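This briefing is intended for a reader meeting the structure for the first time. Please view the sequence and the model together, and then follow the points below by topic.

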Number of protein chains: 2
Amino acid sequence: MPGAGTDKTKRWAATAGPVVILVEPQLAENVGTTARAMANFGLERLRLVNPREDPLSARAPAAASGADRVLEGAERFNDLEGAISDCTLVLAATAREHDQAKPVIGPEQAASEMAPRIAAGETVAVVFGRERNGLENDEVGLADRILTLPVNPAFASLNLAQAVLIVGYEWFKRKTAGALPFRMPEKSAPASKQQLLAFFADLERELEKVEFFRPAEKRETMVINLRNIFLRMQATQQDIRTLHGVVLA
Amino acid sequence: MPGAGTDKTKRWAATAGPVVILVEPQLAENVGTTARAMANFGLERLRLVNPREDPLSARAPAAASGADRVLEGAERFNDLEGAISDCTLVLAATAREHDQAKPVIGPEQAASEMAPRIAAGETVAVVFGRERNGLENDEVGLADRILTLPVNPAFASLNLAQAVLIVGYEWFKRKTAGALPFRMPEKSAPASKQQLLAFFADLERELEKVEFFRPAEKRETMVINLRNIFLRMQATQQDIRTLHGVVLA
């Protein structure tokens, strides 16, 4: 998201995560953007099967925007069999139906299935295919699961880094139980009813002065409605001090 | 994801969704990739506040890879106030802590909060800031909620289209209840116990012939363990026919 970059003062978030395997990536730039997407969600282990361009060429690290650590640690393999040999669970990411008798899962379920395996020290991989035409049937055939995304069927084409981004997002969300990097500052405790009632008293007295509560038979309803507006706010002590100041002014 | 593109034979998935507002996007290319990310998750309504480049210039539609429909329908505004005037709920997407007394939510909760409002016919918007420095404090001040992503704090920089992608993904996942574009083909019903027991009988007879079950006192345990391997598979009728053929061969 705009507005924040690499921050070397902060701890890299995740310790263990799935290995990301790219099969025959065509452009170094896409390897770079994939590394960046991995870094966003704390994934570190990248494996490249027979990359068509040198992933450490000028374009890849530039596209990675500082995720050099992922790129520099990338391992290379000549074939997918070699890249998955130490893995116990392999997911093949594909947007195409390969018509294989293999469970098809989404990114959220993928995270759920990978988490206990990785926590137990197993090596788990998600395999992504070529930019242009994805994974071959025999490559999907090596996997335990097919991983696909819920997408608009009329517009199902995600680029490589974006597919990795979403898989990484669901992984990280699960790993951190959805914890966000910051929350609403809590500078002030909730207002007590005593403070609220004092505010209502002054508000209603000022409104009496300007003859707001007319006609008289509607006064009670008007007061209740007005109080409910402020009660729905779940106001803090500071909120009521501010509003009280407004009324007295 | 690689391997699938725009498919005009398929129905555009979503009917109503949040409006995406980009405040002063600097590069037409980023407007294009944002339109593509929106299209992936069935979002159609794009609003641009004071874009720095013409979003319909050559580079934007190219980057959008066919999401021209989103780009061509984009509305332009001179300020954010104008872009949100018909909205009833506005979320400001930001990676920075703005220190404002406003609830901070993630993309999943954003989808939950937006869904009933949109279903009720309200216009809801998610506002994204400039590529370089995000949203200004006063712009965040116009929103009802702050939307931020769970990201690696040491590497929190997502590009504009990727932030939109994840918000769109959670929206679409909720809207479609996580339905995936395809599932495992179910060509064969689960095997009956009768079929399994016939398979076990032949398997065990063949293994007797090659004196597999030695020593004799371990025979019972070996049979149980072997049967459990096949029982864990939750095999289909076709699976057992195939394995039965293997044994008889």
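Leaving aside neighbours within four places in sequence, B:Gly106 is in contact with A:Leu180, B:Leu147 and B:Thr148. The model in which these contacts are found is a predicted one.

**B:Gly106 and its setting**

- B:Gly106 is placed in the loop of chain B that runs between β5 (104–105) and α5 (107–119).
- The relative accessible area of B:Gly106 is 11%, and B:Gly106 is therefore classed as buried, the cut-off being under 20%.
- From B:Gly106 to B:Arg45 the separation is 61 residues in sequence and 21 Å in space, taken from C-alpha to C-alpha.

**Relation of the two chains**

- Chain A is superposed on chain B by a rotation of 180° with 0.0 Å of shift along its axis, and the RMSD is 0.0 Å.
- That is the relation of a two-fold axis.
- Of the interface residues of chain A, 100% are also interface residues in chain B, so the copies meet through the same surface.

- A:Lys173 is part of helix α7 of chain A.
- With a relative accessible area of 9%, A:Lys173 is buried.
- Not counting residues up to four places away in sequence, A:Lys173 touches A:Gly178 in chain A, and in chain B it touches B:Glu108, B:Pro150, B:Glu170 and B:Lys173.
- A:Lys173 and A:Arg45 are 128 residues apart along the chain, and their C-alpha atoms are separated by 18 Å.

**A:Glu139, a buried charged residue**

- Helix α6 of chain A, residues 137–140, contains A:Glu139.
- Is A:Glu139 buried or exposed? A:Glu139 counts as buried because its relative accessibility is 14%, which falls under the 20% cut-off.
- The side chain of A:Glu139 comes to 2.7 Å from the backbone nitrogen of A:Glu136.
- When residues up to four places away in sequence are not counted, A:Glu139 touches A:Val23, A:Leu80 and A:Arg130.

**Backbone geometry**

- Most residues other than glycine have a negative phi, and most peptide bonds are trans.
- In chain A, the peptide bond from A:Arg214 to A:Pro215 is cis, with omega near -10°.
- A:Pro215 belongs to the loop of chain A between α8 (193–209) and α9 (219–232).
- In chain B, a cis peptide bond leads from B:Arg214 to B:Pro215, with omega near -10°.
- B:Pro215 belongs to the loop between α8 (193–209) and α9 (219–232) of chain B.
- A:Glu211 is a residue other than glycine with a positive phi, near 55°, and it lies in the loop between α8 and α9 of chain A.
- B:Glu24 is not a glycine, yet its phi is positive, at about 45°.
- The loop between β1 (19–23) and α1 (28–40) of chain B holds B:Glu24, which counts as buried at 17% relative accessibility.

**The second largest pocket**

- The volume of the second largest pocket is about 520 Å³.
- Its lining consists of 17 residues, and those that lie nearest the centre of the pocket are A:Met184, A:Thr236, A:Asp239, B:Ala101 and B:Lys102.
- By class, the lining of the second largest pocket has six nonpolar, six polar and five charged residues.

**The second largest cavity**

- How many cavities of 30 Å³ or more does the structure hold? There are two cavities of 30 Å³ or more.
- The second largest cavity has about 30 Å³ of space.
- The residues that line the second largest cavity are A:Pro18, A:Val20, A:Leu43, A:Val126, A:Phe128, A:Val164, A:Val167 and A:Gly168.
- In chain A, β6 (124–128) and α7 (160–175) each contribute at least two residues to the lining of this cavity.
- With three residues, α7(A) gives the largest share of the lining of the second largest cavity.
- The lining of the second largest cavity comprises seven nonpolar residues, one polar residue and no charged residues.

Terms used
Residues are numbered from 1 along each chain as its sequence is written. Chains are lettered from A and ligands numbered from 1 in the order in which they are written. This is a predicted model: local features need pLDDT of at least 70, side-chain atom pairs count only at pLDDT 80 or more; totals for chains, interfaces and linings use all residues. Side-chain values use heavy atoms; hydrogens and water are left out. On a 1 Å grid over the protein atoms alone, a cavity is a set of points where a 1.4 Å probe fits but cannot get out, and a pocket is an open set with protein on both sides within 12 Å along at least five of seven lines; lining residues have an atom within 4 Å of a point. Grid points are joined across faces, edges and corners, and a volume is the space filled by probe spheres set on the points. Ala, Val, Leu, Ile, Met, Phe, Trp, Tyr, Cys and Pro count as nonpolar, Asp, Glu, Lys and Arg as charged, and the others, Gly among them, as polar. Helices (H or I, at least four residues) and strands (E, at least two) are DSSP runs, numbered from the N terminus. Buried means under 20% relative accessible area, exposed over 50%, partly exposed in between (1.4 Å probe, protein chains only). A polar contact is a pair of N or O atoms within 3.5 Å; within protein, one must be able to donate a hydrogen and the other to accept it, and residues adjacent in sequence count only if both atoms are side-chain atoms. Contact means heavy atoms within 4.5 Å. Copies are superposed by least squares on the C-alpha atoms of residues with pLDDT of at least 70 in both.
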